[in-house]
Amino acid sequence: NVSFGLIHLTCSHCMFLIFFWSPALFSCHMKDFIKAVQQVEDENPELEAVEVLRMLRRTAHLNDAFVQHFLPDAGSSGPELDADLSGYLQRAVQHRVLEGAREEGVVLAPDGMTVAVGPLLLGIEAGFLSTIPGRVPGLYQLTLAGNLGVSIRRRSENGEPLGTDGCWDNLTAPHVFTLSDTASTLTAAQVHGGMDGVILGKEVSAKAGESVKLSSLLTDYYLHQLDARGMDGAPRLISRRRRELFKVLVAPPVLIRQVAKSMELREKLEGRVKMEVRQKRRLMCPPIIARCTWGAAPYIGTPTLLSLPLTYLFIHHTASPSQPCLTFEQCSADMRSMQRFHQEERGWDDIGYSFVAGSDGNVYEGRGWKWQGAHTGGYNSKGYGVSFIGDYTSTLPSQHAMALVRDQLASCAVAGGRLVSSYILKGHRQMVSTSCPGNTFYKEITTWGHYQVRAVNHKQNLL
């Protein structure tokens, strides 16, 4: 049994690593991957960051003709790694989708996103090799455009989906990531890893000549702890900002050209003469944490399917929890708490909101795009209900959290055919008798586009 053999191999290595290193080091969490990189650096203090990257690439066999067109041959010789450390790094870096939709070569970042490590490291290595600050040959092809090109070609042949996400078996010590669609030709983790590779590749190129350890670069980007100001007080270069950073660095026409170039190069390397390119622009939606990722309990009963596109977007605050959540772990705990309250105290089938915005840089999936919520009495079938974690009677959510919903989630819904382009935005208090979303926040949303002042007769306070 192949699956059993893989699980047995993983567990046997896990026991070995527990004995020699630490239990956490073997998990597929970014913190643990960084610890493994630190061990490589500590055991080889003479190596520069680019040499460590080349060693990781050699270990994971990221050295095909396409990669070597842009980066030096990783070779077959160099400092030897401990066999178990080498095995761990190979599984952490080498991307593949196994039988049963299990995706390897991915790690869970503290921001709640799953990241493919291979394109991340390729982008950083290209950045270190850049000779002109800010100009990185092959950066887009190595990180995102190459994988997009392969996926577009396969999708044109097989009609397979792009950008599939999935779920981890455990959020504290993740080991197994299972895709929600086995046929995906490009996963969400590959997109996230590609974006991060572009961002960090550009960053190290711009700081050419500065000595930096790979583990330090990854730590600063992925492991930054937010203070009480949340994303409003966060530094520029952190993973929670990947979408806004990537958007600044890469305009869609540029990415499309790079995808076409990547496809042409692969065709040439594969010895093909002709190709047909169907270029597709990837929708830039906000980071949305899936239900399984924040630990949602099952829906009670049978959900009601929405008839799309919808007309309304209703804005709420949670009031309780009353404080903004600043980390993926805290926001996930708040989501579970609200779901328990809605199911056990209110008697609802599930958490009422369609989506919930945290102050950690993420939007959390409630009932999602397809299923009717329980957020705005009399209008649950006509609109999405989006809540912000916290009590905003006298304060506002962070500017970053508001922008995630106002600018990104709403645009994503319109572009995806889920909201009409002329959608109407309203505060919860306009539809039922309630103070939600708080006096200060309600005053703020009256300045947002699509806000409509007219209210309806209040019949009941559902939330």
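A disulfide is taken here as a pair of cysteine sulfur atoms within 2.5 Å. In the predicted model, this rule gives a count of three disulfides. Cys-325 and Cys-331 form one of them, with their sulfur atoms 2.0 Å apart. The torsion about the S-S bond of Cys-325 and Cys-331 is about 95°, and the disulfide is therefore right-handed. Both Cys-325 and Cys-331 are buried.

A disulfide also joins Cys-285 to Cys-412, and the distance between their sulfur atoms is 1.9 Å. The link of Cys-285 and Cys-412 is right-handed, with 75° about the S-S bond. This pair links distant parts of the chain, 127 residues apart: Cys-285 lies in the loop between helix H11 (252-269) and strand E9 (288-289), whereas Cys-412 belongs to helix H14 (residues 399-415). Cys-285 has a relative accessibility of 16% and counts as buried. Cys-412 likewise counts as buried, at 2% relative accessibility.

Another disulfide connects Cys-167 and Cys-292, with an S to S distance of 1.5 Å. The torsion about the S-S bond of Cys-167 and Cys-292 is about -85°, so this disulfide is left-handed. Cys-167 is in strand E6 (residues 166-168) and Cys-292 in helix H12 (residues 291-294); the pair links distant parts of the chain, 125 residues apart. Cys-167 is partly exposed, its relative accessible area being 26%. Cys-292 is also partly exposed, with a relative accessible area of 32%. When the bonded cysteines of the chain are numbered in sequence order, the pairing reads 1-3, 2-6, 4-5. Two further cysteine positions were examined for burial. Cys-28 is buried, with a relative accessible area of 18%, and Cys-436 is buried with a relative accessible area of 5%.

The structure holds 12 aromatic pairs. In one of them, the ring centres of Phe-314 and Tyr-379 are 5.9 Å apart and the ring planes meet at 75°, so the pair is edge-to-face. Phe-314 lies in strand E10 (residues 310-317), and Tyr-379 in the loop between strand E12 (363-365) and strand E13 (383-388); the pair thus links distant parts of the chain, 65 residues apart. Phe-314 and Tyr-379 are both buried. The rings of Trp-369 and Tyr-384 have centres 5.3 Å apart and planes at 85°, so this pair is also edge-to-face. Trp-369 lies in the loop between E12 and E13, and Tyr-384 in strand E13, so the pair ties together parts 15 residues apart in sequence. Both Trp-369 and Tyr-384 are buried.

A cluster of rings is formed by Phe-388, Tyr-392, Phe-441 and Trp-448, which are linked through ring pairs. Trp-448 additionally has the charged end of Arg-406 over its ring, 5.5 Å from the ring centre.

The secondary structure of the chain comes to 15 helices and 14 strands. Among the helices, H2 (residues 30-43) has 14 residues and reaches 20 Å from its first C-alpha to its last, close to the 20 Å expected at 1.5 Å a residue. The buried residues of H2 are Met-30, Asp-32, Phe-33, Ile-34, Ala-36, Val-37, Gln-39, Val-40 and Glu-41. These buried residues pack against helix H3 (49-59), helix H5 (83-93), helix H6 (117-129) and helix H9 (214-222), as well as against strand E3 (106-108).

For the chain as a whole, 53% of the 463 residues are buried. Of the contacts with a separation of 6 or more, 71% are between residues 24 or more positions apart. The accessible surface of the chain comes to about 20,400 Å², and carbon and sulfur atoms account for 51% of this area.

Conventions: Residues are numbered from 1 along each chain as its sequence is written. This is a predicted model: local features need pLDDT of at least 70, side-chain atom pairs count only at pLDDT 80 or more; totals for chains, interfaces and linings use all residues. Side-chain values use heavy atoms; hydrogens and water are left out. Rings of Phe, Tyr and Trp (its six-membered ring) pair if their centres lie within 6.5 Å; planes under 30 degrees apart count as stacked, over 60 as edge-to-face and the rest as tilted. Helices (H or I, at least four residues) and strands (E, at least two) are DSSP runs, numbered from the N terminus. Buried means under 20% relative accessible area, exposed over 50%, partly exposed in between (1.4 Å probe, protein chains only). A charge sits over a ring if NZ of Lys or CZ of Arg is within 6 Å of the ring centre and within 35 degrees of the ring normal. The expected span of a helix is 1.5 Å times one less than its number of residues. Contact means heavy atoms within 4.5 Å. Accessible areas come from the Shrake-Rupley method with a 1.4 Å probe; for residues, only the protein chains shown count as cover.
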